[in-house]
Amino acid sequence: TINMRIERLNTFLNWAHSKHYLHKAPKILKLKEHRKLPRILNDNDLYALLQYLQRHQEKANNDHWRRCVKLQERFLMALIGTGARRSEVFYLTWNQIDFGRRIITVYHTAEFEVKEGKEKELIMPDFLAAYLWSERQANPKEKFLLDDGNGRRLYTDPMSLSRAFSRHFQRMGWKNRQIKPLHGFRAKYIDALFNHLGIDLEVVRDLAHHSKTDVTRGYLSGTNVRQRQAISRLNQDYNQLFKDVWQEEKAAEKE
């Protein structure tokens, strides 16, 4: 985030220099970042988190808090099912969801601007389409995906949901696991497609709506499925080699 701001500042200084507001445009160096593998939720973590949210809905002592947690569950399901960005899901209306085509359309509104600058379509897997259809049927008067029940958004901004999930992570004992709550759900989607299902990286990039595959790689954790397959083939080859060597040794000992 800091480097992005430095880049914008450099752009502004160069513009000011081109307009002769500055005699010389200083170059502000970006920070060198130590790259770490992303901390991604595994399937057991995801299951535990969903169970946690369901328990909190049951324990909620009033309808408002019950709805808060229910919408957090909706938010989580939409993120892990589409790999969408936090704000893309936050500003969704039910009219943007086409259940017949299994498509969520993200476009510019007065409140929200798409990051890539153009309309995009998010493909819903069957589990997400079925979940959201059930939610829609149970709440036909809602306007927004994160509706307060009266046609208004329950949460004030996307960061409020980030803070809510951060509190959940702390209560679940995940404080020191360095998992970024909402960005981590997008990473979970990307990592699952590439590392566990073996989907081609270009296809994953398209689904994540990244401009470059290098950006997509930044969401991946460690060893991928193709590397494991390569090592498995190497293992089979070496096992046969060693088996032949040991058989020859045993035959020589018998002689």
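1. First, the ground rules. This is a predicted model, where local features need pLDDT of at least 70, side-chain atom pairs count only at pLDDT 80 or more, and totals for chains, interfaces and linings use all residues. Residues are numbered from 1 along each chain as its sequence is written, and side-chain values use heavy atoms, with hydrogens and water left out.

2. Start with β2, residues 103–106. (Strands are DSSP runs of E, at least two residues, and helices are runs of H or I, at least four, numbered from the N terminus.) Ile103 and Thr105 point one way, Ile104 and Val106 the other, and all are buried, meaning under 20% relative accessible area with a 1.4 Å probe, protein chains only. In a regular strand, side chains alternate between the two faces of the sheet.

3. What does β2 pair with? Strand β1 (residues 97–98) pairs with β2 in the antiparallel sense over two bridges; pairing takes at least two DSSP bridges between the strands. Asp98 has Ile103 as its bridge partner in β2. Four residues sit between the strands of this hairpin, and Arg102 takes a positive phi near 60°.

4. β2 also pairs with strand β3 (residues 120–123), antiparallel again, over four bridges. Here Ile104 stands opposite Leu122.

5. Now hop over to Tyr21, in the loop between α1 (2–18) and α2 (43–59). Is Tyr21 buried or exposed? Tyr21 counts as exposed because its relative accessibility is 60%, and the cut-off for exposed is over 50%. Tyr21 and Thr82 are 46 Å apart in space, C-alpha to C-alpha, and 61 residues apart in sequence.
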